[in-house]
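This report covers one protein model.

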Amino acid sequence: MPGVVIVGTQWGDEGKGKIVDILASSADLIVRFQGGSNAGHTVVIGSKKVVLHQIPSGILSPRKKCIIGNGVVLDLEQLLNEIRDIKALGYMKDDSSLQISDEAQLVMPYHKRIDLAKERARGKSKIGTTGRGIGPAYEDKVARIGIRLIDLFDQELFRDKLAQALKEKNWYLSRFGEEGFELYEIFHDFLGMAAKIKKYVTNTSLVVNHGLKRGESVLFEGAQGTMLDVDHGTYPYVTSSNTVAAQACTGSGIGPTMINCVMGVSKAYTTRVGSGPFPTELTDEIGERLREKGGEYGATTGRPRRCGWFDAVVVRYAVRINGIDSIALTKLDVLSGLPSVKICTGYRFKKKVFTEAPSSLRVWQECVPVYEEMAGWPEDISAVRDIKGLPRNAKSYVKKIEEMIGVKIILVSLGNERKQTILLENPFKKIHTVGTKRSR
Ligand code: IMP
């Protein structure tokens, strides 16, 4: 039962969409297990560029089953648009290729309005959310007043739950000077959407478990990144879900014994979108150059991403928190042409140097990064297809990262396209060749 989890090791936008798209050819099922339409996974196939928000990137590979698990907060309107758009591009010809958990929580229109109103009220200390209502939807899940997909198929229950929620939400919105919502407007809109989505809705925990038991290969596709995890990230500048590998279990209804390996995706430098600490951020022309060359603009909001040097403290931490056993290094080509490149090896704070990620927000915010500087490489490497074909300095950079994070880099990505990839080892093939890692 080969289960492989893919997670981001930084603040999201590491290029997971492309890596999932590549590994999906070796998988039977691809599962999203957390987050929602805040994610934006960009995949480039030939001249087509597809941005997926809620549907797993595996949908672009024919004959794969894609699952949206119970851990996702679902924006139905966005999802229907996404289905329409990818069908228009010629994908998802077979409706049975998408299955959605009946236990997934719904993002309601009031969640989005509350998200935006709270951000406005936070002023300078705003989190910089995507405005997609993710935080308020997860808040309702934990407060046990959330509306789940299955509720839409029991009209009476849905109306009662919605009426209860609106009493509270309309009052809450009025505190921010915002308009409330009419019950029947939402009710009818959602029943209309429920009818369109019904064919995809099922008990996905059963589907994933049955698949694993039959020996099918399952790829669990993480969204956002480790440093945005609500427990382990740079709290409170995080998203509202657990983004780490363990969430693949709770967010899809499987047990930890079903996971064979965890692959981390790291960008060859670091980016962050939204507010919050970012020790290796570059606010100079090098940061600007990385942004322009790397096309570092948010796939969901279009916001310019903050850019900086590779932070080995962050990625080493992600390796620990996720139990990562291999890394895909992306966007190495973007660093070409820099006279030198830097890797952060520790944080200096009040005469102390931290080599492990700190828990204190103050240390994150006020530390000064300690760097190791290496010679850059002038060559354009975007057409290199073999690790041996990389310039010596680029190879040294990859090797140094490997040494610092203590995990093997098994894939190097040198551009957006599928073919711009050096795949040294395929985690699925390794499991099949070596057998399952643990005896069960
Ligand atoms: P939220 O998830 O919209 O509540 O936003 C919380 C924080 O997570 C903000 O800093 C967002 O910019 C960030 N964030 C959410 N989703 C993504 C993503 O897919 N990539 C990068 N940052 C994200």
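The C-alpha centres of domain 1 and domain 2 lie 29 Å apart. The contact draws on 31 residues of domain 1 and 24 residues of domain 2. Domain 1 is made of two segments, 3-97 and 203-428, while domain 2 covers 105-200. The model is a predicted one.

**The interface**

Interface size is often quoted as the accessible area lost when the parts come together. Here, about 2200 Å² is buried between domain 1 and domain 2. Carbon and sulfur atoms give 60% of that area. On the domain 1 side, Val73, Leu76 and Leu80 supply 27% of the area buried against domain 2.

Eleven residue pairs, both at pLDDT 80 or more, are in polar contact between the two domains. Strand E6 (73-74) and helix H2 each supply at least two residues of the side of domain 1 that touches domain 2. H2 gives the largest share of that side, seven residues. Two salt bridges are counted between domain 1 and domain 2. Asp95 and Lys199 form a salt bridge, with their closest N and O atoms 3.7 Å apart.

**Helix H6**

The buried residues of H6 are Leu183, Ile186, Phe187, Phe190, Leu191, Met193, Ala194 and Ile197. In an α-helix there are 3.6 residues a turn, so residues three or four places apart point the same way.

**His53**

Where is His53 found? His53 sits in the loop between strand E4 (48-52) and strand E5 (65-68). Is His53 buried or exposed? His53 counts as buried because its relative accessible area is 11%, under the 20% cut-off.

The side chain of His53 reaches the backbone oxygen of Ala39 at 2.7 Å. Beyond neighbours within four places in sequence, His53 is in contact with Arg32, Gly36, Ser37, Ala39, Gly40, Gln78, Glu82, Ala299 and Thr300.

Methods:
Residues are numbered from 1 along each chain as its sequence is written. This is a predicted model: local features need pLDDT of at least 70, side-chain atom pairs count only at pLDDT 80 or more; totals for chains, interfaces and linings use all residues. Side-chain values use heavy atoms; hydrogens and water are left out. Buried means under 20% relative accessible area, exposed over 50%, partly exposed in between (1.4 Å probe, protein chains only). Helices (H or I, at least four residues) and strands (E, at least two) are DSSP runs, numbered from the N terminus. Domain bounds come from an automatic or database domain assignment. Contact means heavy atoms within 4.5 Å. Buried area is the accessible area (1.4 Å probe) that two parts lose on being put together, summed over both. A salt bridge is a side-chain nitrogen of Lys or Arg within 4 Å of a carboxyl oxygen of Asp or Glu. A polar contact is a pair of N or O atoms within 3.5 Å; within protein, one must be able to donate a hydrogen and the other to accept it, and residues adjacent in sequence count only if both atoms are side-chain atoms.
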